[in-house]
Structures are given as structure tokens and as C-alpha cells.
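Please read the following explanation alongside the sequence and the coordinates.

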Amino acid sequence: MADTLQGTLDLLILKTLHAGPNHGFGITLHIQTVSQGLLRVEEGSLYPALHRLERDKLVKAEWKTTGNRRRARIYALTAAGRRRLGEAEQNWAALAKGVGRLLRLA
Amino acid sequence: MRRWLRRKRAREIHEEVESHLEMRAEWNQREGMSPEQARAAARRQLGNAALLEEDVRRVYALPWFQTIGQDVRYALRGFRRSPAFTVAAVLTIALGIGASSAVFSVVDRILFRPLPYPDAGRLVSFGMVAPSADKNEFLIAENYVRLRARQTPFTSFTSFGFISPCDLTEQNAARLRCAMVESTFLPTFGIQPMLGRNFAKEEDRPNSPKVALLSYGFWKSRFLGDRETIGRSILVDGRPTAIIGILPPGFELFNLTPFDLLIPEAIDEAHPGNGRAFRVFARLKPGVSLEQAREAMQPLFEDELRTIPPEFRGEVRMVIRPLRDRQIADVRTASWTLFGAVLVVLLIACGNVANLMLARSASRRRELAIRAAIGASRGRLLRQSVTESLLLAGLGALAGCGLAWVLIRFFVAVAPQGITRLDQAGLDSRVLLFAIALSIASGILFGLAAVVESPPAGTLAEGRAFVSSRGLLRHVLIAAQIAASLILLSGASLLLRSLWNLEKVPLGMDTDHAVAAHFVLGGAYESETRWRTFFDNLETRLQRLPGGAAYGITDSVPPFGGTRSSPYFVINVEGRPPYPQGAGGMVGWRYVTPGYFAALRIPIVRGRAFTEQERDAPEMPIILSQTLARRLFPNDDAVGKHVLRTGSGEWHTVVGVAGDVRNNGLGEQAGPEYYVLRKHVPDDTFRNRAPGGGWRAATVIVRSPFQPQAVAALLRSTILELEPAVPVTTETMRERAAQLTVRPRFNALVLGGFAGAGLLLAAIGIYGVIAFLVSQRTREVGVRMALGATPSTVSKLFLRHTAAWTAAGTVAGLAGALAATNMMGTMLFRVNAHDPLSLFAAPAILFVVALAAAWAPSRRAAHIDPVATLREE
């Protein structure tokens, strides 16, 4: 259970990258806009998390030049990352359901 | 390769964060901020970039492992930058750990380890002491037998009848050490034979079949540990003896003397009165204290006193003491002194470590403040500091272990025989761990002190000229070290003075170029004809020794051990009434051949030495020592007088008076002594009352101008040619005399070593503190010199400072030294514990060392270039 909660940031990152490769700043923006400002990711947690995912081979990274001719480190999902995303989504759904029930009954 | 990868990754992470910042700034700009605002806002939002980068980097490392490596690397770099500090700290810790663990390992064996007997606390040694006889208590057989029957406070009461040489007279004959004990001896000590059994009471009687127990070592070496040895019969001194048991490997006698056989002492219970003496041991009944036992035994002892010859009675007293006390009596003061010395050294070392760490932390306040300012977390600084301390402590501990090992080897090598259990001393792991733990704890403590007193925000603004608030503590530490060193130095100088006095004591003979050979002929020489043939042949050969050598044959050799003795009052002078019974103590005497005096260069001050002709003549010549001659004939010449030396013997004619010779060590005055001529045909006394090995024992002394070792070898081969089976021990007289000062020399050496170590540590401490002060006050000195101070006034400033604190330490130290040396009384010889010379010399040495240590850094201060210092700010 605790793993699931801690893995939330990983889930958000993986889900964001599912939409397409992106750099760190893009990921913060994406999460912020898609959640309509409800979720904000601190850089202090984002980059260690990204690198942890990279170390665990769930994402891969590459230096690329962006549209504005700026060099950025672009992260993309790997096959393992895609699988992990599937598991994480299921876990999250189960967790949300469980927590929802608990809140209704309590 | 790994490092390269790590660097590359670090660069990449940095770039990534920078690119993030730029993108965020761009975004902000698009939201309508000015470029500067945008960039500032981006930074603000990101927070501490350095910390972030470190967090990211940490993803790739085993969490603490890598940073430890980093800390260690950083620490090592720091050490390399200040080698003086590092060497001083490591040396200090090593000395502290090394010396304390080595000495404790040695002293622990002597003072604190239990004796190897079950419930050893209840074992006591009992007996009487007579100052003129033996410093250890003993009992005469008939007293022993009665006391054993009447005693009440002990569960058992047993005796030990000394160790004497005996011969294994079979194939591969060997001289053995036979310890004679009563059948109750082993049970009293609570020892079971490892194999076989102890002797039964019936076997411990005169004329019962001979039995023996073997020591483990002898069993292993002679019988190769064969279990079938039990029940075998061996020939001991020509008599068949059954081996009935083997002693366990760890067994040791109460006095730790080595032995091979344990044989029954066979007291003749019906007629014990043949003058045999025993060591007596007993086991206290449960619940009976030593005091109660003493009270119970005292009246019984008073009864026995009546049977003791009156000449002894006055000076005899009863002794009952724990076995441990008896065993370590000689080395107790020395051990405690050693122990105290090492504690003092440890204290000085701790003071040094504290001082060094304090100085270092003070000089690093700026560095710490900078590191904190650019984002090092407090925890990180703490860990860094502790890592450094641990590293120092670790290095010191490693060096300390090595030092301890070397020191123990050294102690064992130089220690005199008979320092209890020293040969068993090994590096004690508990002690070592304790010392290492202590050094690590002190390292961490002072490492923490540096950080916990975390640099205040103002530190950076302080510039370089701040004066540490901990200056006072530092100086008090230095003064304390001086005081401690002073105590060590005074102790050491007292011991050195004692040693000096001991070495100066005249022995009364010339030990240079004299060699002694000792041997005991085998049982076959009980035959007087064989005995005479042997010695006649030996003397013929000795006369032909090259180099015009003088030789003498005697039964005992000065300056210690084994002299025959008889009560003074039995000596009667012709024409005078006999002395009253019991008057005058004891007189030593020995049988010598005419050459004895020439061989040892003992001067004949009156009359003449013995002549060869007298050896076959019926007359009985005698030579008195100066002291004895003065006592017997205070007013006239002794030469030509007639004396009786036993109550019933023949009249002897005094032919000469010889110079006094030391026979009982160096401590007391030379005792009275006389010499009787060793004739070709032994007289009755010679036959009956010879010490150690009987009349078959002899010592040959040879004086020769040749190299003494060579003469010793020649002498040995001369004896062996006549009787190949006799074991011969040789020693030069110089070696023999040196044995008297071995113990004090060892004490002086060890305490001197500690005083040296303490002095060295104190010097390191003073050097460190003054060097630190100089570096801290560089700017002040620069200003002073700019205002006109000369180099000499500057260096005097620091030297005065040192002198002041040394003086403070000296005053405290003198008080301590007076108290400490009081306890050393028994180790001193002809030196007062408050010997003014020693007590003045020690502070003088200290002052010289302190000023010398402060000299180098204060010279540095004198050479400060004022312009350069002031520009530096």
C-alpha cells in the first residue's frame, strides 16, 4: 500500500511520458496543466525521480534540441516502463476505489 | 573509469538543471516578466540547485557508501594539506594506545588475573619469617607437623619441600628439577592430575616405594606425550621410581618455578626434627576470614616459638597472607607505578588530541562557515567532521597496535627473571579494544565539538584576526600536560638516581675477567674416592689453563645466594667466655681453595691467604671478613687468634682478614663472613651440611686475561672432559653481578621511557599550541612590527607566554610529584623520595623542552613580513 502512495509521482511521470517523450520542465508543465493546477511537482523531487526511473530502465533519456533550438534532456518510456505504467494504473485504481469506499462508509 | 563516469554524470545533471532553469525563465518571460525577474523567479522556484544536484547524483550511488568515500577522500586531502597536524595527532593517539595497552596487558597479568587454582581467593601462605634467613615465610618440619595437627581455620594445610636437582640416571641421562610436596599439596590447591593419580598418603612416607608425577612439559618432551607412560618405572638418582600421574598443562607452582617431577617429600612424622624447612599453604574454611585465621593461629604459633632455637626467637614473627600477595609481593609497587605512569601518559595523550582538535577546528571555522554558506547541510558537515576524527583515530589505533606489540616484545625481552607471569603476557584484546574505543570516542567528541559549536553567520565577516574564546582551555590543557610530565620525570629521575647509587655499591671483589662454572656431580660421586679423584684431576687441569689464570673452587659465590650460615654466638674465641645464646644474628661462611681470593681479587687486608700446603696439613686455618674480625676482636689483631666456629668443633687459627664482600645483594650492609679451607679430604661438616646438591656441588672461579666468554667455554670443556655427563652452567662474574641491578634497571628503563614519551607528547602539544597562536596572531604581529616591534621582542612574546604556562603547570606538577614519589619508597635505594636534586632537575628539563618546543614557531613569528601580512587582508 505504502509503495503505491510513494509511487504516485512515478505514476504521474510515466503517464505523462505515455503521451510522448518530454523533458523535465515539460513534465512539470504537463502535470500542472492537465491537473488544472491541482497537482504541482517540485523540481527537487522530479529530477531525482526521473533519474531513479532512468536507473531502473523504466525510461530512457537522450539529449535533443527542442523546437526553440534549446538543448534538453528528453525522457521517453521504455517497454518496461510501459508495463510498469499498466501495473501502476491498476494499483492506483484499486487504491482509489478502496479509499473511496472507506471514505463513504466511515 | 568510474570516476570519469561520475564526473560526466555530474556535468550532465548540472546541464540538465541549467536547461530547466532557462526553460522556466523563458516561460516566465512569456508570462510578462523582465528577463532578470524571470531568471530570478526561476532560481527561486528551483530552490537550492546544488542540493538538488546532489540529490540527483545520490540516485546513482549506494546511498551512504559513496559519500563516505567522498568524505574520506576529502579528509585525506585535508590531512595532506596539514601534515604536521596529522602526524602529531596520529603519533599522539598511537603512543597513548600503544603504551597503555602494552603496559596494561603486562600489569593485568600480575595484578588482576586470577591465579590458576579453583577458588584461589581462599588459598593462603603461612609460616614464620626471620630477617636473616629468607624474606618468604617458612616452617621447620617439627613445628609444621604440630601446627598441622592443631590448626582449626583451614580445610587443608599442606607443605612444599623446595625444588632440588635430581638426575634421571638411565639412557639419555638428564638433570631434572624435582619438586618435593606433601600428598595433600595438589588437593589443597584444587588440582587434579590430567592422567593417573596423585600420590597416596602411604606413598608420602620415608622408605616407601618411590613414585613421581610428571609435569606436562616434561611428559611431552621426554615421553612424547605417550599415555602409556603411566605405570612405567624410571631411575631417579639411581632408584626405580614409578610414574603415577601427569599434571595438567596449565599447572604452575605457587612461585612459578619450573620443575619436571613432583615427588613425595616423605616427612618422617615420628621424628620430623631433622631441620627440614617447608613452605606452608592452606585453604581457608568457608566463612573464615584471613583475620580470623590469623587470630586462631597466633596462639598456636606462640607455643611453637618456644621450640625454636633462642638465637632466632627475637626476630621471628608469624606471617599469614593471601597466595596472590606472596606471589606478587616483589613486583607490586613496580606494577602499580607502571600502571600509574601509563595512565598519566594516556592523560597527556588525551590532552594533546583535545588540543590539536580544538586548534584545528578553530582554524577551520572559516572553512566550515563557507561550506555552510554554499549549501552544505549541517548533517553533512557533522558527518565530514566525524569521518575525519574517526580516520585519525583509526590511523592512530593501527599504529598503536603495532607499537603495543613491539613494546610487549620489548618488555618480555628486557624484563628480569621472576617478574611474575610476564612471559605469558600477550596483547590483551580487551585492553586494546578499550584503548581504541577510547581514542575513537575522544576523536568523535572533539570532532563534534568543532561543528556543534556551529560557525555563526558572523564568522565570515570576522576576517582572519579573530581570537578564539577557547584559548584559555587550550592553555589549561598545556599546563596540565606539563604537570603530568613533571610527575613522570621526577619518578624516573628518582629511579635513575637509585640505579646510579646501586651501581656504585662496591661489591668487594673485581668481577672483570672472572668466570664462574657451576655443576653438581651425579650420584656416582657419593663415593669419596671417586669424588677426590675428580677434583684432584680438575685442579691439575685448572692449573694448566692458559694465561696464568688464577682459579678457586668454592661452594657458593658472591654477590648473592646460597652461602652457608651459622649463628654468631656459636663462634668462641680462645680465652673468652662463650657468647650468650641468641646474640648477634647470623654469620655467612664458605669453603674455598687457596686461589679463591686471587680469582675474585678479594683483598687480604691482614695476614695471608690460605696456602696449598695447608690443604693436607692437620691444622685448621680460617680467614675472617673485616666486619667479622672487627666484631670478634674490636681492640686487637685477629691474626694468630684461635676460634671455635661450632660449639663442638676444632680450634681454628685465624691466618688472615679478607675485605668485605657483598653476599646478600646490594641493599644492606655487607654481613660478617668467614672462610674455611677446602681440604683435599673433606671434613665432616663438608660431608653433611652442604647446600643444594650436597658435597657433589661445586663452583669453579677462574680469572684470566682472555676474553671471558672464551674462558667460560674453555672452563666448561675442561670439566666435561673429566665427566661428560655433568651439566655445567657458566657465567661471567660481571653477568652475575649485573643480575643484582636488573630489576631496578628495568624499573628505571620503563619509567624513564614513559617520562620520555610524556615529555615528547607535551612538547608536541606546546609546539602545536604556540604554532597555532602564531598563525592566528599573524596580523597582530604584523601590526606590532609595523609599529616598531623587533623580531626578538616578538619571539619573546611567545616564549614568555610558554614560560608562564609551563610555570603554572610546574607548580601543580610538583605537588603531584611529591605525592606520587612517596608511594615509590620501596623501589628507591639511598635516595629520599623527596630528593631535592631530582625534584629540581625535572622542572629544569621541562622548561628547556617547553621553550625548545615553542622556539621554532616563535622564530617563525619573528620572521613575519609586516607588509605582506597587512596586504593579505
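Predicted model: local features only at pLDDT ≥ 70, side-chain atom pairs only at ≥ 80, totals over all residues.

Residues are numbered from 1 along each chain as its sequence is written, and chains are lettered from A and ligands numbered from 1 in the order in which they are written.

Chain A has five helices and three strands, where helices (H or I, at least four residues) and strands (E, at least two) are DSSP runs numbered from the N terminus. Read from the N terminus on, its elements follow the order α-α-β-α-α-β-β-α. Of the 106 residues of chain A, 27% count as buried, a residue being buried if 20 or more other C-beta atoms lie within 10 Å of its own, exposed if 12 or fewer, and partly exposed in between, with C-beta atoms placed from the backbone. Among the contacts in chain A with a separation of 6 or more, 51% join residues 24 or more positions apart; two residues are in contact if their C-beta atoms, placed from the backbone, lie within 7 Å.

The three strands of chain A form an open sheet in the order β1-β3-β2, with antiparallel pairing. Because β1 (22-23) and β2 (59-65) of chain A stand at the edges with a single partner strand each, one side of each is left without a neighbour in the sheet. Two strands pair if DSSP finds at least two bridges between them, and β2(A) and strand β3 (residues 71-77) of chain A are joined in the antiparallel sense over seven bridges. Within β3(A), A:L77 is the bridge partner of A:V59.

Helix α2 (residues 8-18) of chain A lies across β1, β2 and β3 of chain A and runs at about 95° to β3(A); axes are lines fitted to C-alpha atoms, for helices over the stretch in contact, and angles run from 0 to 180 degrees between N-to-C directions. α2(A) also packs with helix α4 (residues 43-55) of chain A at an angle of about 75°, the axes being 10 Å apart. The two helices α2(A) and α4(A) are therefore roughly perpendicular to each other, a term that covers angles of 65 to 115 degrees. On the side of α2(A) the contact is made by A:L9, A:D10 and A:I13, and on the side of α4(A) by A:S45, A:A49, A:L50 and A:L53.

Chain B has 27 helices and 23 strands, and 40% of its 873 residues count as buried. In chain B, residues 24 or more positions apart account for 83% of the contacts with a separation of 6 or more. Helix α23 (residues 742-776) of chain B has 35 residues and reaches 50 Å from its first C-alpha to its last, close to the 51 Å expected at 1.5 Å a residue, the expected span being 1.5 Å times one less than the number of residues. α23(B) is mostly covered, since 25 of its 35 residues are buried. Elsewhere, B:I140 belongs to strand β2 (residues 134-140) of chain B, and B:I140 counts as buried because it has 21 C-beta neighbours inside 10 Å.

The contact between the chains takes 13 residues from chain B and 13 residues from chain A. On the side of chain B that touches chain A, α1 (2-30) and α3 (49-59) of chain B each supply at least two residues, and α1(B) gives the most, with six residues.

Terms used:
Parallel < 35°, antiparallel > 145°, perpendicular 65-115°, else oblique.
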